[in-house]
Amino acid sequence: MTKFSPTEVYKDRKVFLIGSTGFLGKVTLSMLLHRFPNVGRVYITVRARSPEESETRFWNNVITAPPFDPLRERYGDALDGFIRDKVVVVNGDIAEENLGFTEEEAQRIAGDLDVIINSAGNVTFNPTLESGLRTNVVGTQNVIAFAKRMKRPALVHISTCFVAGNRSGAVWENDDVLGYFPRKHELKGVEFSVDAEIRDCAKMSERARAEAKDAMMAAHFREQARQRLDEEMRDADDPDALGLAVARERKVWTRNRLTELGIERAKFWGWPNIYTYAKALGEQLVAAETGIVRSIVRPSIVESARSYPFPGWNEGFTTTAPIIFMALKGQRQIPANEKLILDITPVDLVSSVMLAVAAQACVAEPKLVYQAATGAANPNNMERIISLVGLFRRQQELEKNDGLRLFREISARFEPFRVSAERFDATSLPMMNNAAKKVSSLLDKAKPRWGGGRYEGVINRMKQTVDRVEEQTREAKEAFEMFLPFTVENAYVFRSDNVRALFESIREDEQQLLTWNPETFDWYDYWMNIHMPGLKKWVLPTLEEEMRA
Ligand SMILES: NC(=O)c1ccc[n+]([C@@H]2O[C@H](COP(=O)([O-])OP(=O)(O)OC[C@H]3O[C@@H](n4cnc5c(N)ncnc54)[C@H](OP(=O)(O)O)[C@@H]3O)[C@@H](O)[C@H]2O)c1
């Protein structure tokens with residue numbers, strides 16, 4: 001079989017990268033320009049209120065970011081010229097028809113393209129149902145319609161391995177995509193259709209909005225609004241203030257209701273959250289398009305770069321960072337299933353897969369699904385990960401120069417350890433959270449009913465402290481609970497056979513340009529010397545600031 005050369009494929013090709021301002025998008029854009037400088041043109045979306053603002057955002061916040069360091073090293077002062085020559089910044093929002101372009105713009109851009117890579121996504125686990133569907137589903141529909149304007153429509157869509165939902169065992173790349181839902185084997189004879197879901201979700205949202213206008217609900221919002229204004233020592237009889245407060249109550253209620261309904265729906269079909277449900281709908285839309293060249297890349301959990309742009313580069317904290325952060329801060333019990341593989345893939349490997357699949361899509365018909373996952377080739381289980389986090393924490397504590405040595409040594413010994421979900425519920429954050437809730441309600445009862453008095457001030461202050469504990473433990477508990485499907489409940493083995501075969505088909509002399517080598521990883525080295533130092537440098541300080549805010 002003749003091997004393929006991504007360098008030859010990318011020569012003079014026109015690529016459209018959507019989502020280029022994100023974690024994956026920036027690394028992919030930088031890698032494309034660095035490894036294939038002969039690429040014809042790269043259109044990228046940078047969302048803003050105007051085309052001028054898109055340009056400003058790109059030049060001030062995107063190209064200046066660390067993922068572009070290798071290009072800065074190579075081109076120095078000539079980088080601006082190189083970028084102006086290769087990159088076209090456009091202001092596109094995929095949730096809008098034509099991605100927000102005028103008819104002429106859409107036709108001009110699409111007519112110039114060889115391949116689209118759609119890396120745009122709303123990665124919040126549980127947004128409202130509407131906003132969860134906006135980018136991940138409606139956006140995907142719009143990107144498909146846009147791709148159909150191309151001379152030879154070719155689309156690489158970025159999904160996630162976790163569309164597998166709540167189940168365990170091997171997940172193969174050639175498993176059915178269309179009509180899949182995780183409870184398929186349980187709900188015998190039930191059909192799942194992406195079109196019906198989109199229709200029914202829209203109806204559900206309409207019903208929730210109508211419910212929020214119901215007379216009884218209106219009275220309820222009014223009562224709550226008056227109560228809030230009283231608490232804030234504002235005039236509840238001022239019609240303007242009351243009107244605004246009622247609107248706010250209605251908005252909050254509708255938002256919560258739409259999230260609740262979305263979670264309920266996702267869980268019914270077997271997905272752990274709205275994100276994975278919406279991503280599954282998105283990729284089913286792509287799979288249904290048989291008349292175009294299309295392929296789905298499913299990364300597992302995307303984490304710190306192994307080598308590109310440099311070891312340890314990471315951004316954002318929707319993945320393992322919150323748990324690692326809490327463990328490093330002293331949360332000792334981590335709910336986990338010791339045998340479960342936590343499937344982590346370094347961002348540069350994921351970008352390599354995206355670029356290899358996109359190159360294929362320019363000249364051939366790639367496979368429908370590629371899973372960029374490491375677990376089948378080189379499993380890394382939770383027990384080991386938690387012990388490595390503990391080891392890293394111990395090293396950090398011992399290296400600190402502040403405080404008493406004895407205290408440091410004692411603190412270093414309080415390592416995180418794995419517990420079952422039941423034990424975690426009974427003894428850790430959920431228990432502390434319940435205790436704080438109980439104390440808070442006791443303090444409410446203890447307030448002198450006759451009002452005033454010097455005890456009330458003391459009790460109020462105590463209650464504020466307890467409420468803070470309640471809030472913090474609730475947030476921490478929610479962070480852990482959100483990850484339970486991935487750390488305790490579902491033991492997946494994501495197969496990456498298509499990815500391996502694709503990389504084997506790349507010419508030997510080009511295999512250093514796009515890398516897929518999870519079997520060679522030394523996970524100890526990755527966690528201790530790359531991933532955790534990377535998180536410490538690039539992610540945890542921001543997380544700490546956010547938590548303090
Ligand atoms: N990170 C992971 O662990 C992981 C794992 C598996 C799969 N994935 C998938 O990989 C993709 C990229 O994830 P990421 O980690 O890079 O996320 P990210 O850092 O949050 O970036 C998301 C990107 O999508 C863009 N975007 C969002 N809504 C858009 C819209 N309506 N129109 C145009 N652009 C929009 C964002 O633009 P703005 O900057 O303007 O917001 C940003 O560029 C997503 O599809 C995600 O589902 C990620």
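## The largest cavity

Helix H14 (382-399) gives the most to the lining of the largest cavity, with 4 residues. Helices here are DSSP runs of H or I with at least four residues, strands are E runs of at least two, and both are numbered from the N terminus. Helix H12 (321-328) and helix H18 (454-489) join H14 in each supplying at least two residues of this lining. In total 15 residues line the largest cavity, and Ile323, Ile324, Leu342, Met382 and Ile385 lie nearest its centre. By class, 13 are nonpolar and 2 polar, with no charged residues. (Ala, Val, Leu, Ile, Met, Phe, Trp, Tyr, Cys and Pro count as nonpolar, Asp, Glu, Lys and Arg as charged, and the others, Gly among them, as polar.)

The space inside is about 150 Å³, and a search of the whole structure finds 3 cavities of 30 Å³ or more. On a 1 Å grid over the protein atoms alone, a cavity is a set of points where a 1.4 Å probe fits but cannot get out, and lining residues have an atom within 4 Å of a point. Points are joined across faces, edges and corners, and a volume is the space filled by probe spheres set on them.

## A note on the model

This is a predicted model, with local features needing pLDDT of at least 70 and side-chain atom pairs pLDDT 80 or more, while totals for chains, interfaces and linings use all residues. Residues are numbered from 1 along each chain as its sequence is written, and side-chain values use heavy atoms, leaving out hydrogens and water.

## The second largest cavity

About 120 Å³ of space lies in the second largest cavity. Of its 14 lining residues, Val163, Asp176, Tyr180, Glu283 and Arg298 are the closest to its centre. Helix H11 (residues 274-288) gives the most here, with 3 residues. This lining divides into 8 nonpolar, 1 polar and 5 charged residues.

## Around the ligand

Now for the ligand. Of the 27 residues around the ligand (a heavy atom within 4 Å), Thr21, Arg57, Asp93, Tyr275 and Lys279 come nearest. The shell has 11 nonpolar, 11 polar and 5 charged residues.

Polar contacts are pairs of N or O atoms within 3.5 Å. A ligand oxygen atom is 2.9 Å from a polar backbone atom of phenylalanine 23, and a ligand nitrogen atom is 2.9 Å from one of isoleucine 94.

Conventions:
On a 1 Å grid over the protein atoms alone, a cavity is a set of points where a 1.4 Å probe fits but cannot get out, and a pocket is an open set with protein on both sides within 12 Å along at least five of seven lines; lining residues have an atom within 4 Å of a point. A polar contact is a pair of N or O atoms within 3.5 Å; within protein, one must be able to donate a hydrogen and the other to accept it, and residues adjacent in sequence count only if both atoms are side-chain atoms.
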